[in-house]
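Subject: Structure handover

Hello,

Here is the structure I promised to pass on. My notes on it follow below.

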Amino acid sequence: MTTLPPGPPNPLLSQRALLVLLTAAFLGTVIGALTFFSQGSAPTAVVAGLITAGASTLGLHTLIGH
């Protein structure tokens, strides 16, 4: 009896998860850059970018279908 070779490994992230995380990272970067240009403070820009990335991750998770 012959055995089949193992198939390709499962991906680490699904396409949906990758889309949500990349979009959230993009939005966080944009908002962080805009905050830095308007305020001139790097710590404020980092906090704004992190808050935006976190909030948009939750929002995109509910908006993008399974």
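The buried residues of helix α1 pack against helix α2. Please keep in mind that this is a predicted model.

Helix α1 covers residues 15-39, which is 25 residues. From the first C-alpha to the last, α1 reaches 36 Å, close to the 36 Å expected at 1.5 Å a residue. After α1 comes Gly-40, which has a positive phi, near 80°.

The buried positions in α1 are Arg-16, Val-20, Ala-24, Gly-28, Gly-32 and Thr-35. On the spacing of such positions, a general point applies: an α-helix has 3.6 residues a turn, so residues three or four places apart point the same way.

Ala-24 is the α1 residue I looked at in detail. Its relative accessible area is 2%. Buried means under 20%, so Ala-24 counts as buried. Setting aside neighbours within four places in sequence, Ala-24 is in contact with Ala-53, Ser-56, Thr-57 and Leu-60. Ala-24 and Leu-50 are 26 residues apart along the chain, and their C-alpha atoms are separated by 9.5 Å.

Apart from residues up to four places away in sequence, Ser-56 touches Ala-24 and Leu-27. The Ser-56 side chain also reaches the backbone oxygen of Thr-52, at 2.8 Å.

Regards

Methods:
Residues are numbered from 1 along each chain as its sequence is written. This is a predicted model: local features need pLDDT of at least 70, side-chain atom pairs count only at pLDDT 80 or more; totals for chains, interfaces and linings use all residues. Side-chain values use heavy atoms; hydrogens and water are left out. A polar contact is a pair of N or O atoms within 3.5 Å; within protein, one must be able to donate a hydrogen and the other to accept it, and residues adjacent in sequence count only if both atoms are side-chain atoms. Contact means heavy atoms within 4.5 Å. Helices (H or I, at least four residues) and strands (E, at least two) are DSSP runs, numbered from the N terminus. The expected span of a helix is 1.5 Å times one less than its number of residues. Buried means under 20% relative accessible area, exposed over 50%, partly exposed in between (1.4 Å probe, protein chains only).
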